[in-house]
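Dear colleague,

Please find below the structure that I am handing over to you.

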Amino acid sequence: MSRDIASIARSVGGRLLVGGVDSGTPVDGVVRLSEFSLVGRASFATLVVASAPEIAAVFAGDDSRADALRSAVVVTRSDDAAVVHALEEAGVTAVVGASEPEEVLLPQLTALLAVDQAAEDRAVTSAMKVLTLAARRGGVSGVVAELAHRIDGWAVLLDRHGQVITTAGAGGLHVQDAVAVALGRPVRVRHRALQVHAVGPGEDLSAQLIVSPRTESSSRARELGSQTAALLDLVLRTDDPTRTERLGRGVLLEVLLAGGEPATSLLRRWGVHETTLTAFALTARSASVDVERLVSLWLNELGAAHILTQAQGVVTGFLRDDHVDEIGARVEAYASALFLGIGVSAPTDALAASASEAAQALEAARAEGRRVVHYRSIPTIAFVLDRLPEADNRRLARLLDPLRDPAGAHGDLLETLRVFLAENGAWGAAADRLGIHRQTLATRMQRIEGMLGLSFADADDRAAAWLALRAVRG
């Protein structure tokens with residue numbers, strides 16, 4: 001609750017007497033003295049509305065409620081010296097001299113707490129909407145990270161055996177505390193606000209969520225933790241059919257690329273009876289476009305089989321020859337920038353060459369800023385590389401050997417060069433695509449020029465570097 005004892009005193013215009021309950025304790029209920037017996041939750045305060053005669057009667061005689069009131073908060077309109085003295089002597093936290101009439105005081109406090117609870121409920125509902133979205137986008141890790149942010153604290157998710165699944169906030173620093181409290185070990189835990197939420201019902205426990213909000217008492221954090229545990233139970237127990245399907249299609253495409261009779265036989269079982277297919281490679285300029293979902297929708301509309309897979313933002317697959325122009329037209333007309341590379345039609349038992357051609361056509365589309373590129377329309381570099389002996393291709397590729405790291409592998413420098421040339425030397429576009437600052441890009445390019453002995457202001461040097469890049473990729 002956001003309402004604590006001090007804010008209640010201000011709201012009713014009373015004077016606060018601090019006794020056994022701290023003034024910062026959150027309030028969770030209000031009752032008349034005649035209905036009061038004990039405090040429901042030790043970490044929250046219960047308001048007890050009483051008149052001066054009622055207070056005097058409780059502390060003057062042998063009333064069992066006198067001890068219970070030391071854990072509650074008395075609210076009264078009276079500011080009589082005798083009443084104040086009795087409360088202070090008993091060590092009772094109280095709000096005295098409330099400005100509202102006695103008959104109005106209880107309804108007013110009830111309304112204040114109801115409004116506060118409604119605000120808390122709205123905040124929790126809003127947070128759960130965000131957590132649900134995090135579950136869709138980031139899975140278990142996304143949920144736990146968002147929860148830690150929402151409670152302004154840390155969170156640790158353990159499996160049923162006490163092994164860490166994921167942490168968020170400063171959770172990685174408090175794993176031992178989380179494990180100790182989750183497993184009930186006799187270890188002193190240093191976080192008074194630590195909460196443990198079971199993920200899964202009873203004996204069917206699948207995990208435990210341990211959270212620690214920054215504030216020591218937070219009902220919002222407790223409510224969020226409880227509802228998040230229920231959400232995590234769903235996420236942990238739900239198989240992702242799209243991931244399974246994607247993995248399966250990836251394996252199937254490996255069979256097609258290997259070629260031969262197994263490829264043709266697999267296509268027949270897939271419901272594809274064409275003797276030739278055309279490879280395609282499709283990607284988007286914006287990461288916000290779900291390319292795989294988009295092309296799957298198009299194939300559904302065409303009544304075609306989904307012979308495709310996705311890796312690193314590029315969807316590759318095979319189309320019926322008579323569907324190629326239709327997919328190309330949809331790419332051209334799409335609102336966001338898409339890039340499509342199309343290979344040459346090939347027999348179903350020898351599709352690897354068409355797939356390689358589609359990949360090269362996609363690279364050309366990116367480099368030239370064209371939405372659709374057919375491999376047959378780029379005879380320049382492809383013509384040269386396809387007809388050079390293997391030894392000459394390797395000699396071309398050796399131009400870029402100075403960019404290799406100490407282990408002999410190409411890394412950031414090669415990718416920087418490729419993107420810079422693909423963006424036609426546009427500094428801003430290349431830097432954005434690489435996710436680096438323009439000055440960092442300029443520094444890298446100066447270093448690359450020095451290592452290769454080339455000047456990218458020279459057209460021949462740019463062409464030589466591009467040929468070498470394509471030879472390396474081949």
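**Findings**

Five strands form an open sheet in the order 1-5-4-3-2, with mixed pairing; strands are DSSP runs of E of at least two residues, helices are runs of H or I of at least four, and both are numbered from the N terminus. Two strands count as paired if DSSP finds at least two bridges between them. Strand 1 (15-17) and strand 2 (27-32) are the edge strands, each with a single partner, so one side of each has no neighbour in the sheet. From one strand to the next the twist averages 20° (axes are lines fitted to C-alpha atoms, for helices over the stretch in contact, and angles run from 0 to 180 degrees between N-to-C directions). Strand 4 (residues 73-75) and strand 5 (residues 93-96) run parallel and are joined by three bridges, and Val75 stands opposite Val95 in strand 5. Helix 4 (residues 81-90) packs on this sheet, touching strand 1, strand 4 and strand 5, and its direction makes about 35° with that of strand 1; contact means heavy atoms within 4.5 Å.

The model is predicted: local features need pLDDT of at least 70 and side-chain atom pairs pLDDT 80 or more, whereas totals for chains, interfaces and linings use all residues. Residues are numbered from 1 along each chain as its sequence is written, and side-chain values use heavy atoms, without hydrogens and water.

An open sheet of four strands has the order 7-6-9-8 and antiparallel pairing. Strand 7 (164-168) and strand 8 (195-199) stand at its edges, each with a single partner strand, so one side of each is left without a neighbour in the sheet. Strand 8 is joined to strand 9 (residues 207-213) by five bridges, and Val196 stands opposite Ile210 in strand 9. Helix 6 (residues 175-183) lies across strand 6 (153-159), strand 7, strand 8 and strand 9, at about 55° to strand 6.

There are three aromatic pairs (rings of Phe, Tyr and Trp, the last by its six-membered ring, with centres within 6.5 Å; planes under 30 degrees apart are stacked, over 60 edge-to-face, and the rest tilted). One of them, Trp298 with Tyr334, is edge-to-face, at 6.2 Å centre to centre and 75° between the planes. Trp298 lies in helix 10 (residues 291-302) and Tyr334 in the loop between helix 11 (324-333) and strand 13 (338-342), 36 residues apart.

Yours sincerely
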